Amino acid sequence: MASLQAAIECIQAFREAKGARQTAMKDLSKLYEAILNGDNAAASEVTQAALAAGTDPGTLVTDYMIPAMDEVGRRFESEEYFVPDLLLSGRAMKAALDHLRPLLAATGAQPAGRVVIGTVKGDLHDIGKNLVAAMLEGGGFEVTDLGTDVAPQKFVEAISTKNANLVCLSALLTVTMPAMRTTVEALKSAGVRDRVKVMIGGAPVTAQYAQEIGADGYSENASAAVALARRLSSDAPHA
Amino acid sequence: MASITASRRDVVLSALHHAEGSRVPIDFGSTAVTGIHASCVAALRKHYSLEKRPVKIHEPFQMLGLVEEDLQNAMGIDVTGVFARKTMFGIAIDAGWKPWKFNGLEVLVPQDFNVTLTPNGDTLIYPEGDMSVPPSGRMPQGGYFFDAIIRQKPIEDSKLNPEDNLEEFTPASEQDIAWLAKSAKAACATGRAVIAGFGGTALGDIALVPAPFLKDPKGIRDVAEWYMSTRSRRGYIHKIFERQCEVAIGNLRRIHAAVSNDVDAVFTCGTDFGTQTSAFCSVSTFRELYFPYYKQVNDWIHRNTTWKIFKHSCGSVERFIDSFIESGFDILNPVQCSATGMDAEHLKERYGGRIVFWGGGVDTQKVLPFGTPVEIREQVLRRCEVFSKHGGFVFCSIHNVQACTPVGNIVAMINAVHEFNGVPAGSH
């Protein structure tokens, strides 16, 4: 009788666990919706609940967060979404990611790439750079944001300390564009240029300018930056 | 070509009324979006062998230099500006000038322009020149412009009060109105057309949101937070705009009584709706969130004054132009032809009879700073040809002439407009 009782309890426990998983998976679609709708409070709550229910952090990222940010990017490209929507979705994604980062690090999960991003020396503008950083993070990249007015040497140092394989440079002003060239040259002088792909962006920047200064790519907006980073990252050696 | 003996003001007014036959009028320096960086003003003064004197920085945020009458004459400029009494940093420009050295250049700054240097060489500037409060602007070491320091207090949605974002929208002081009246009278006496920026009518201009002119800004002052709020806190933004318009119309009534017809056009709003390739919002959002307030202010101006209304918006804004026109704007600036959908021929053909293009003359992101004089001449001549048909065009570069633009390029640009106008060198 004791073994039968144990078996019944085991079956009940299995059913409950299965039910909980099903409920959890159903709730997880709310994470996708929260990011898509730019609801950071909901994104945070759903993520916490999912983790408490034992959901694998990698599953949350791969099956819900990256697809949500990909959809945000698609809507931006098709002009259903605009800058405010990108900012809201990026913030919601970060709210979810804040709960996951330590867990992902513990699992040793590999990101899509390791990015060092910053606005170049002499330039204090950061909206575009922040959008690119958020979209890259939402695209599964590990992003180190060096901020604004970043000296070339700081990019050089961060490439080593963060094991980066991608460097993203932003500039809004015509007078600060030359700092992109200076930064690329500093990477060469420091012997780290071959370890990374360099992509650039910003209002006055063009694909032609990227070519002129020896960068590997140019993106005209934050959404396209993710596609470019994925392409370049697949070419670049992961450190 | 029209007679070059017509007064400068008449030439501009013809263009603003889409009249045939006018030569192309020229503006540089009349507004904070058609200006010239102080370093370039200094270079131009030297080029034209004008009296050696330091350039006055009348707009310290973008470090714009005052284009004084001798330089206006040398360049053949047809428009002059009336500026609000206080700058972007809340510093009065009627309290005298003092010397300051900027990247090796001797300039004059308003008396209350007070700055400090950080250990890494950045320059910090203080609202109203009050150094007892935190700075509101920063220029990086070796930089050419200030940028606002974001002073955002933590936001609790339940405690957000639109009044906090309305601190800067108050009835104009008697001192402000007297300044505008005096400035407008002096500007009118030059014989040039006069455009005025009175302030208080820009709806959510992102350069103004951080309020670098306030000592202790409250409400939503972070740039990203403001953009997000246009979607997530739309009711809050509506309340700000509603009250702002009430105050603005009250001020316009009093200002009009003081300046009357000394002013020909008013620069009312510099809110950018375009990016390089897209927009900051949809047309439907524009019509729901901005259009009613623009219409309210513009209708008042058209009913009560003879002023033409000047709207600045960078970027790809073709999709908004019908709405700009419907809301009562008469003039579009800077006409960023390099942005998506902003092809000069298309704009002129589709909208040229209904809105004046004040700008679009030459690209300032690539051609003017980095092109050759030959490339600049070609673009200027082509843009003049396209935009000047049937009037409706005031020549200006696409936004301010940026720092580090070679003076030879600026002169090539100006000479090309005079060449188009058939005006012999030196006779404008």
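Where in chain B is the place of B:Val335? B:Val335 sits in the loop between β13 and α9 of chain B, where helices (H or I, at least four residues) and strands (E, at least two) are DSSP runs numbered from the N terminus.

## About the model

This is a predicted model, in which local features need pLDDT of at least 70 and side-chain atom pairs count only at pLDDT 80 or more, while totals for chains, interfaces and linings use all residues. Residues are numbered from 1 along each chain as its sequence is written, and chains are lettered from A, with ligands numbered from 1, in the order in which they are written.

## A loop in chain B

The peptide bond that runs from B:Asn333 to B:Pro334 is cis, with omega near 0°. For B:Val335, phi is near 60°, which is a positive value in a residue other than glycine. B:Val335 is buried, because 28 other C-beta atoms lie within 10 Å; a residue is called buried if 20 or more other C-beta atoms lie within 10 Å of its own, exposed if 12 or fewer, and partly exposed in between, with C-beta atoms placed from the backbone.

## Two domains in chain A

The domain assignment of chain A gives domain 1 (2-107) and domain 2 (114-235), and such bounds come from an automatic or database domain assignment. Their contact takes 13 residues from domain 1 of chain A and 10 residues from domain 2 of chain A, where two residues are in contact if their C-beta atoms, placed from the backbone, lie within 7 Å.

On the side of domain 1 of chain A that touches domain 2 of chain A, α3 (57-77) and α4 (83-107) of chain A each supply at least two residues, and the largest share, seven residues, comes from α3(A). By class, that side of domain 1 of chain A has nine nonpolar, two polar and two charged residues; here Ala, Val, Leu, Ile, Met, Phe, Trp, Tyr, Cys and Pro count as nonpolar, Asp, Glu, Lys and Arg as charged, and the others, Gly among them, as polar.

Five strands of chain A form an open sheet in the order β2-β1-β3-β4-β5, and the pairing is parallel; two strands pair if DSSP finds at least two bridges between them. At the edges stand β2 and β5 (217-218) of chain A, each with a single partner strand, so one side of each is left without a neighbour in the sheet. Strand β1 (residues 114-119) of chain A pairs with β2(A) over four bridges in the parallel sense, and A:Val115 has A:Val143 as its bridge partner in β2(A).

Helix α5 (residues 127-138) of chain A has 12 residues and reaches 16 Å from its first C-alpha to its last, close to the expected 16 Å, a span found as 1.5 Å times one less than the number of residues. Because 11 of the 12 residues of α5(A) are buried, this helix is largely enclosed by the rest of the structure. The buried residues include A:Lys129 and A:Glu137 as well as A:Leu136. Leaving aside its neighbours within four places in sequence, A:Leu136 is in contact with A:Val115, A:Phe141, A:Val143, A:Ala225, A:Val226 and A:Ala229. Just after α5(A), A:Gly140 takes a positive phi of about 95°.

A positive phi is also found at A:Asp149, where the value is near 50° in a residue other than glycine. A:Asp149 lies in the loop between β2 (142-145) and α6 (152-161) of chain A, and A:Asp149 counts as buried because it has 24 C-beta neighbours inside 10 Å.

## Where the chains meet

The contact between the chains takes 26 residues from chain B and 20 residues from chain A. On the side of chain B that touches chain A, the largest share, seven residues, comes from helix α5 (residues 223-232) of chain B. That side of chain B has 12 nonpolar, 10 polar and four charged residues.
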